[in-house]
Amino acid sequence: MQSEPISAWRTHEWKVRTLESIVAGGGSRLGFTCRGCGKTFNHNTINRRTWAVDTQGVALTDDVTARWLKSECLHHPILADDDDRKQIKYPTGTAAQS
Ligand SMILES: [Zn+2]
(Lines give C-alpha, C1' and ligand atoms only; values in the text may rest on other atoms or scores of the structure.)
Protein backbone atom coordinates (compact mmCIF):
# COMPACT_ATOMS: atom_id res chain seq x y z
CA MET A 1 0.00 0.00 0.00
CA GLN A 2 3.01 2.30 0.27
CA SER A 3 2.79 3.13 -3.41
CA GLU A 4 -0.69 4.63 -3.05
CA PRO A 5 -0.77 8.38 -3.54
CA ILE A 6 -0.64 10.06 -0.15
CA SER A 7 -2.14 13.25 -1.54
CA ALA A 8 -5.67 11.83 -1.63
CA TRP A 9 -5.32 10.60 1.96
CA ARG A 10 -4.47 14.13 3.09
CA THR A 11 -7.71 15.57 1.72
CA HIS A 12 -9.67 13.75 4.45
CA GLU A 13 -10.25 15.09 7.94
CA TRP A 14 -9.16 12.11 9.97
CA LYS A 15 -10.29 11.41 13.46
CA VAL A 16 -7.83 8.84 14.82
CA ARG A 17 -8.27 6.54 17.77
CA THR A 18 -6.34 3.58 19.09
CA LEU A 19 -8.31 0.36 18.73
CA GLU A 20 -5.70 -1.92 20.27
CA SER A 21 -2.52 -0.61 21.86
CA ILE A 22 -0.65 -3.87 21.37
CA VAL A 23 -1.44 -6.33 18.62
CA ALA A 24 0.28 -9.63 17.83
CA GLY A 25 3.87 -8.89 16.89
CA GLY A 26 3.84 -5.48 18.57
CA GLY A 27 2.62 -2.12 17.44
CA SER A 28 -0.87 -0.66 17.55
CA ARG A 29 -4.01 -0.83 15.52
CA LEU A 30 -5.48 2.57 14.77
CA GLY A 31 -8.93 3.48 13.53
CA PHE A 32 -9.30 6.36 11.07
CA THR A 33 -12.68 7.96 10.52
CA CYS A 34 -13.17 10.93 8.18
CA ARG A 35 -15.35 13.70 9.56
CA GLY A 36 -16.19 14.76 6.01
CA CYS A 37 -17.19 11.68 4.02
CA GLY A 38 -17.36 9.07 6.78
CA LYS A 39 -14.85 6.67 5.24
CA THR A 40 -13.25 4.41 7.83
CA PHE A 41 -9.87 2.66 7.76
CA ASN A 42 -7.84 0.55 10.14
CA HIS A 43 -4.07 0.86 10.23
CA ASN A 44 -1.42 -1.38 11.78
CA THR A 45 1.60 0.64 12.87
CA ILE A 46 3.99 -2.32 12.85
CA ASN A 47 3.74 -3.02 9.12
CA ARG A 48 2.06 0.24 8.03
CA ARG A 49 -0.79 -1.71 6.49
CA THR A 50 -4.00 0.24 5.92
CA TRP A 51 -7.32 -1.24 4.91
CA ALA A 52 -10.88 -0.05 4.51
CA VAL A 53 -13.45 -1.17 7.07
CA ASP A 54 -17.21 -0.85 7.41
CA THR A 55 -18.91 0.96 10.28
CA GLN A 56 -18.43 -2.11 12.50
CA GLY A 57 -14.69 -2.28 11.78
CA VAL A 58 -15.03 -5.31 9.49
CA ALA A 59 -12.38 -5.47 6.75
CA LEU A 60 -13.56 -4.73 3.20
CA THR A 61 -12.10 -6.20 0.00
CA ASP A 62 -8.69 -5.13 -1.33
CA ASP A 63 -10.53 -3.62 -4.27
CA VAL A 64 -12.49 -1.27 -1.99
CA THR A 65 -9.36 -0.44 0.01
CA ALA A 66 -7.42 0.48 -3.13
CA ARG A 67 -10.28 2.60 -4.45
CA TRP A 68 -10.89 4.43 -1.17
CA LEU A 69 -7.18 5.19 -0.72
CA LYS A 70 -7.19 6.93 -4.08
CA SER A 71 -10.40 8.87 -3.43
CA GLU A 72 -10.18 12.49 -2.44
CA CYS A 73 -12.60 13.69 0.22
CA LEU A 74 -15.89 15.08 -1.06
CA HIS A 75 -16.77 16.37 2.43
CA HIS A 76 -20.13 14.60 2.52
CA PRO A 77 -21.12 10.91 2.71
CA ILE A 78 -21.28 9.17 -0.67
CA LEU A 79 -24.01 6.70 -1.58
CA ALA A 80 -21.54 4.50 -3.48
CA ASP A 81 -19.58 4.00 -0.27
CA ASP A 82 -22.59 2.23 1.23
CA ASP A 83 -22.39 -0.33 -1.59
CA ASP A 84 -18.66 -0.69 -1.02
CA ARG A 85 -19.34 -1.41 2.67
CA LYS A 86 -21.24 -4.55 1.61
CA GLN A 87 -18.08 -5.96 0.03
CA ILE A 88 -16.78 -7.73 3.11
CA LYS A 89 -13.38 -9.33 2.68
CA TYR A 90 -14.14 -12.37 4.80
CA PRO A 91 -17.90 -12.98 4.63
CA THR A 92 -19.46 -15.23 7.26
CA GLY A 93 -18.98 -18.85 6.32
CA THR A 94 -15.62 -18.47 4.59
CA ALA A 95 -12.22 -19.08 6.14
CA ALA A 96 -11.44 -16.63 8.88
CA GLN A 97 -8.54 -14.24 8.66
CA SER A 98 -5.46 -15.75 10.26
ZN1 LIG B 1 -13.22 12.17 3.70
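Trainee: Hi! Which residues make up the largest nonpolar core here?

Mentor: Six residues in all: Phe41, Ala52, Val53, Leu60, Val64 and Trp68. Strand S4 (49-53) and helix H2 (62-70) each supply at least two residues of this core. By nonpolar core I mean a set of buried Ala, Val, Leu, Ile, Met, Phe, Trp, Tyr and Cys residues joined through C-beta atoms within 7 Å. Before we go on, this is a predicted model: local features need pLDDT of at least 70, side-chain atom pairs count only at pLDDT 80 or more, and totals for chains, interfaces and linings use all residues. Residues are numbered from 1 along each chain as its sequence is written.

Trainee: Thanks. And what do you call buried?

Mentor: A residue is buried if 20 or more other C-beta atoms lie within 10 Å of its own, exposed if 12 or fewer, and partly exposed in between, with C-beta atoms placed from the backbone. Buried residues make up 12% of the 98 residues in the protein chain.

Trainee: Okay, overall layout next. How many helices and strands are there?

Mentor: Three helices and four strands. From the N terminus on, the order is α-β-β-β-β-α-α. Helices (H or I, at least four residues) and strands (E, at least two) are DSSP runs, numbered from the N terminus.

Trainee: How do the strands line up in the sheet, and is the pairing parallel or antiparallel?

Mentor: The four strands form an open sheet in the order S1-S2-S3-S4, with antiparallel pairing. Strand S1 (14-20) and S4 stand at the edges with a single partner strand each, so one side of each has no neighbour in the sheet. The twist averages 25° from one strand to the next, where axes are lines fitted to C-alpha atoms, for helices over the stretch in contact, and angles run from 0 to 180 degrees between N-to-C directions.

Trainee: What holds strands together in general?

Mentor: Strands of a sheet pair through backbone hydrogen bonds, either parallel or antiparallel. The rule used here is that two strands pair if DSSP finds at least two bridges between them.

Trainee: I clicked on Asn42. Where is it?

Mentor: Asn42 is in strand S3. Gly31 stands opposite Asn42, and in S4 the bridge partner of Asn42 is Trp51.

Trainee: Why does Asn42 count as partly exposed?

Mentor: Because Asn42 has 19 other C-beta atoms within 10 Å.

Trainee: And which residues is Asn42 in contact with?

Mentor: Leaving aside neighbours within four places in sequence, Asn42 is in contact with Leu19, Arg29, Leu30, Gly31, Trp51, Val53 and Gly57. Two residues are in contact if their C-beta atoms, placed from the backbone, lie within 7 Å. Val16 is another residue to look at: Asn42 and Val16 are 26 residues apart in sequence and 9.5 Å apart in space, C-alpha to C-alpha.

Trainee: Switching to helices. Which residues of H2 are buried?

Mentor: Val64, Thr65 and Trp68. Seen down the axis of H2, these buried residues fall within an arc of 100°, so they line one face of the helix. That arc is taken from the directions from the helix axis to the C-beta atoms. The face turned away from the buried side carries the exposed residues Asp63 and Lys70.

Trainee: What do the buried residues of H2 pack against?

Mentor: They pack against S4 and H3. Take Val64: not counting residues up to four places away in sequence, Val64 touches Ala52, Asp84 and Gln87.

Trainee: Last topic, the loops. Which residue takes a positive phi in the hairpin of S3 and S4?

Mentor: Arg48, with phi near 55° in a hairpin that has four residues between the strands. Arg48 counts as exposed because it has 10 C-beta neighbours inside 10 Å. In the hairpin of S2 and S3, which has five residues between the strands, Gly38 takes a positive phi near 85°.

Trainee: What about His75, buried or exposed?

Mentor: Exposed, because His75 has 12 C-beta neighbours inside 10 Å. His75 is in the loop between H2 and helix H3 (79-84), and has a positive phi of about 65° although it is not a glycine.
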